[in-house]
Amino acid sequence: PLKKIFIEKNFLKEFHYFLFEYNFGFFLADLIKKNNDKVKLYGYQHGIFDNDNKWLDIISKLRFKKNFFPDIIYYKFKSSKIAYSKKFGKKLIFNSKFPPDKQINKVFNKIKKNSKNCLFYLGLHDGYEILNEILVQEKFMSKYDKIYIKLHPKKTVLQKSFKNENLKFIKKFDNINIKDIFVSPTSSLKYSFKEFKLPYKSAKVSYK
């Protein structure tokens, strides 16, 4: 199917795509440029991007590395610009259509220094691991009366697997108060926290 679109039809002038920073994006770019080098590629930031990217390190050492990259990159978090410039050296454009999540500000009205509760923002892929980590860390559990959990929108089924009187899964922030906020290391919410200079801690899993 991909060959029919990019090669046999041969009608595309532009191709816009996400995941250009990862192996699937490299595959797509290489397929297109090898068969139709007139197509201009536009890559859009998918999520977290930093300097530690093993796939990108491998590609960067290849002779024809330019075949794997887009011509223009749209990044959606201002703090990503340095990392993209260092790794790609391409024309970079700030994508203002995806501003930082201003809703994040609301939860900081709930922070109270004397609170004995905390809040976790889970990622799409590590929610199960983080919840397991919380439950096995008895010393951590004893620090808080209530541990509020904000699930990733696509992972609501996790709530059924973890039932503990200290854990409370929430959708809204009404009627709660918290002392500490923990964010999944895989969540792009960290960009919004940094953008608004709001305090948070990284939710770490001991074996990672």
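Colleague: How far apart are the end C-alpha atoms of helix 2?
Modeller: Keep in mind that this is a predicted model. Helix 2 has 13 residues, and at 1.5 Å a residue they should span 18 Å. The ends agree with that, since the C-alpha atoms there are apart by 19 Å.

Colleague: Which residue does Asp-30 meet in a salt bridge?
Modeller: Look within helix 2, four residues from Asp-30, about one turn of the helix. Residues three or four places apart point the same way, because an α-helix has 3.6 residues a turn. The side chains come together at 3.2 Å, N to O, and the partner is Lys-34.

Colleague: And is Asp-30 buried or exposed?
Modeller: Lys-34 is exposed, with a relative accessible area of 60%. For Asp-30 the relative accessible area is 13%, and the cut-off for buried is under 20%, so Asp-30 is buried.

Colleague: Which residue's backbone oxygen does the side chain of Lys-190 reach?
Modeller: Lys-190 sits in helix 9 and counts as buried, at 19% relative accessibility. Its contacts include Ile-48, Val-183 and Tyr-200. The side chain of Lys-190 reaches a backbone oxygen at 3.2 Å, and that oxygen belongs to Pro-185.

Key: Residues numbered from 1 in each chain as written. Predicted model: local features only at pLDDT ≥ 70, side-chain atom pairs only at ≥ 80, totals over all residues. Heavy atoms only, no water. Helix = DSSP H or I, 4+ residues; strand = E, 2+ residues; numbered from the N terminus. Buried < 20%, exposed > 50% of the residue type's maximum accessible area, 1.4 Å probe, protein only. Polar contact = N/O pair within 3.5 Å; in protein donor to acceptor, adjacent residues only side chain to side chain. Contact = heavy atoms within 4.5 Å. Expected span 1.5 Å × (residues − 1). Salt bridge = Lys/Arg side-chain N within 4 Å of Asp/Glu carboxyl O.
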